[in-house]
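Here are some notes for a first look at this structure. Please read them with the sequence and the 3D view open.

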Amino acid sequence: MILKNPFRRWGKPLVLALLMLMLLMALDRVGDIVAEREGRWHAAQAGVAESLSGAQIVIGPMLQRQCTERRDTVQGTGKDRRTVTEETRFTLTATPTRLGVEADARIEPLHRGIFRINGYVATMTLDAQWDDLSDWRPTRTPPGARIECAAATLLLAVGDARGLRSADVTVQAQPLRVEPGTGHPSHPRGLHVTLPEALLPVSGTAQPLQARLSIALAGTEHFAIAPVGDANQVHLRSDWPHPSFGGRFLPSSREIGDAGFDARWAISALATTAPHALLSGSARCEYGQPPAGEGGPCIESFGVAFVDPVSPYQLDHRATRYGLLFIVLTWVGVGLVEVLRRLRVHPMQYLLVGAALVTLFLLLVSLSDPLPFGPSYARAAGACTLLLAFYGSHVLGGRRAGLGLGIGVAALYGTLYLLLQREQTALLLGAILLFAVLAGVMAMTRHLDWYALSATAGALQAPTEPDGCQSDQRSTASSRQ
């Protein structure tokens, strides 16, 4: 009696499962490499921002004037009687009644080693008007008090002053000398001009004050503007075709195309606390974060981020997550050919096919550094498709079968690229793909007798008995006859 060994029937599936675990470990290592490259890319971005300039935010313009109130008081009596002068310092500030901004941001790509970082230069014109500055020349003073005010300044704060390439300021159509720094305790980076006393309105009148600022500001990552006027009209253009609008306000109108974008904002003081927060000396809000915090209100802003909508390393991450699916689908195709054509494909050959699929993702990561994602994906997928078609023509017993394997792998790679580009509909397309594959497998094997196939496979895998055992069995059979 010959005992049946269950390993003969289940040995190959168990070996394939073990090989699948090995390939999953290899895919995990590729994912670690992608994470390491992405970390180096972020480090390169931080290095460029540290060396050049970082994200920019424009706060202002604003008028500021330091004043001192002196009061003489008499203290003591008799011989100890003396006059003491007390000083109280205060700051007069004013934000614009109307603020109009025209900005044009041009992308200037920067490179740190093999990594590309999106820098930009924004040329801006800010037109600001103050309708009422009658309180800027104090005429009424408390009894016994004297008020002295320094020259008024017009200031403009930026996120990183290293990005200021040029600046011109005119007040009441008169050009003024631009000086570094703002003199503002909370926003010291930027520029200011000193206003001649003759440019300020006469006390008690509501003569408006008009100023125009023209600056060129370089930065990286994102560009933001604080709506510090009572009425703000902002027009921003750029040649970047993938804007990511953020901050506290979205554009009221926008046009986005391959040549860039054109966006407009219209914000009033009724919708923002930015003017009040600036006058109270608050810090700016972090870009994209809510304004509430432990330190009270902060200066709100809005703007755009000049980042790739999907970076090459994000695409690499998403591609590796589909690695298991592609290995399984390819193995299913090889298994179907093995079953339908009564071939025997060794587990080592399955492993080599899976290793070629894993190599695709490693090639994709290495090519994504010097090349855009599209060309790097085409090169990696083309090389692996040709390799699998060549290998399949020998393993599957003919060029036609190898060509079919190559066409199937190419279709899978094309589907993967479509999934990576269609982030919003990736789940739908992936579900349709799995359903189509399952339907195809069921249709191709609908007339297959799996019990007969298992018996045939067991007979093919049964080991040949030794000669002595065969002679003994034959002699036993003849004696029975």
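1. The model is predicted. A place to start is what follows helix H6: Gly 397 comes after this helix and has a positive phi, near 80°.

2. Helix H6 covers residues 373-395, 23 residues in total.

3. Which residues of H6 are buried? They are Phe 373, Ser 376, Tyr 377, Ala 380, Ala 381, Cys 384, Thr 385, Leu 388, Gly 392, Ser 393 and Val 395. In an α-helix there are 3.6 residues a turn, so residues three or four places apart point the same way.

4. Strand S7 (residues 164-171) runs antiparallel to strand S11 (residues 209-220), and seven bridges join them. Within this pairing, Asp 168 is opposite Ser 214 in S11.

5. S7 also pairs with strand S8 (residues 174-176), again in the antiparallel sense, over three bridges. Here Val 169 has Leu 176 in S8 as its bridge partner. S7 and S8 form a hairpin with two residues between the strands, where Gln 172 has a positive phi near 50°.

6. Gly 335 belongs to helix H4 (residues 323-340). Is this glycine buried or exposed? Its relative accessible area is 16%, and buried means under 20%, so Gly 335 counts as buried. The C-alpha atom of Gly 335 is 9.2 Å from that of Tyr 350, a residue 15 places away along the chain.

Terms used:
Residues are numbered from 1 along each chain as its sequence is written. This is a predicted model: local features need pLDDT of at least 70, side-chain atom pairs count only at pLDDT 80 or more; totals for chains, interfaces and linings use all residues. Side-chain values use heavy atoms; hydrogens and water are left out. Helices (H or I, at least four residues) and strands (E, at least two) are DSSP runs, numbered from the N terminus. The expected span of a helix is 1.5 Å times one less than its number of residues. Buried means under 20% relative accessible area, exposed over 50%, partly exposed in between (1.4 Å probe, protein chains only). Two strands pair if DSSP finds at least two bridges between them.
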